[in-house]
Amino acid sequence: MRILCGKTTATEVMSVSALPEKLERLQQQLRQQAGSYEELLVIKEGLSAELLLRRQASWCLAKMGQNKVREQEVYELLLTLAEEEDTEIRENMLWGLGEVAGSGDERALAVISRDLSSEETALRGMAAWAAGRIMKKLNLFDETLIQKLKTAANDPAPYVRKSAAFALENLAEESNQH
C-alpha cells in the first residue's frame with residue numbers, strides 16, 4: 001500500500017485483497033493523525049469483512065471518533081455495531097460512542113444501558129465509562145443510567161467498579177457546578 005502525504009489513495013481503498021494490510025497501516029496512522037474520508041471508506045469495508053478484520057476496523061472507527069473526525073458519520077457507523085456478538089467489537093463501539101458523545105442521541109444511551117447489564121465484564125466496564133462520558137458531555141442526568149451506574153459500582157469485577165465510580169464521580173462534579 002502506498003501512502004501519499006500520510007493519506008490512503010482512493011485506488012488503494014478499492015483493492016479488497018490488501019484489506020488486512022490497509023487496516024494495519026490505518027491503525028498506525030490513526031495513532032498519529034486524525035483520519036480522512038478515504039480512511040473511513042477502508043473502515044466501512046473492514047466492518048463487513050472476517051472477524052479479525054472487523055475487530056481492527058472497529059478499533060480504527062473508535063480511534064477516529066477519539067480524534068474527533070467526521071463525528072456524525074463515525075457515530076452512525078458505531079451504532080451499526082450495536083448488535084455485534086463479538087465482545088471486542090462491541091467494546092470498541094462503546095469506547096467510540098463515549099468519544100463522540102456530543103454527536104449522540106437516545107440510541108447511544110439505549111445501547112449503553114443494555115451493555116451495562118451484559119454478562120461480559122469488559123462490556124459492563126466500558127459501558128459504565130461511556131455512560132458517564134455521554135451524560136457529562138451532554139449535561140444529561142438520566143436517572144435510569146445513574147441507577148445502573150450505582151449498581152455497577154458494586155459489581156464483583158474491579159474494572160467495572162472502577163469505571164462506574166469514575167463515571168459517578170464525574171457526574172457528581174458536573175452537577176455541583178450547575
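Buried residues make up 49% of the 178 residues in the protein chain. Buried here means under 20% relative accessible area, exposed over 50%, and partly exposed in between, with a 1.4 Å probe and protein chains only. The model is predicted: local features need pLDDT of at least 70, side-chain atom pairs count only at pLDDT 80 or more, and totals for chains, interfaces and linings use all residues. Residues are numbered from 1 along each chain as its sequence is written, and side-chain values use heavy atoms, with hydrogens and water left out.

The protein chain has 10 helices and 2 strands. Helices (H or I, at least four residues) and strands (E, at least two) are DSSP runs, numbered from the N terminus. The order from the N terminus is β-β-α-α-α-α-α-α-α-α-α-α. Contact means heavy atoms within 4.5 Å. Among contacts between residues at least 6 apart in sequence, 62% join residues at least 24 apart.

Now the interior. A nonpolar core is a set of buried Ala, Val, Leu, Ile, Met, Phe, Trp, Tyr and Cys residues joined through side-chain atoms within 4.5 Å. The largest one holds 54 residues, of which Leu 61, Leu 97 and Leu 149 touch the most other members. Helix α8 gives the most to this core, with 9 residues. Beyond its neighbours within four places in sequence, Leu 149 contacts residues including Leu 116, Ala 128, Met 135, Leu 168 and Leu 171.

Helix α7 spans residues 106-115, and its buried residues are Ala 108, Leu 109, Val 111, Ile 112, Ser 113 and Asp 115. They pack against α5 (71-79), α6 (87-99), α8 (121-137) and α9 (143-152).

Helix α6 also meets α4 (residues 51-66), at an angle of about 10° with axes 8 Å apart. Axes are lines fitted to C-alpha atoms, for helices over the stretch in contact, and angles run from 0 to 180 degrees between N-to-C directions. Angles under 35 degrees count as roughly parallel, over 145 as roughly antiparallel, 65 to 115 as roughly perpendicular and the rest as oblique. Helices α4 and α6 are therefore roughly parallel to each other. Residues making the contact include Arg 54, Trp 59 and Ala 62 of α4, and Ile 89, Trp 95 and Glu 99 of α6.

The loop between α5 and α6 holds Glu 83. At 63% relative accessibility, Glu 83 counts as exposed. Its C-alpha atom is separated by 9.0 Å from that of Val 111, 28 residues apart along the chain.
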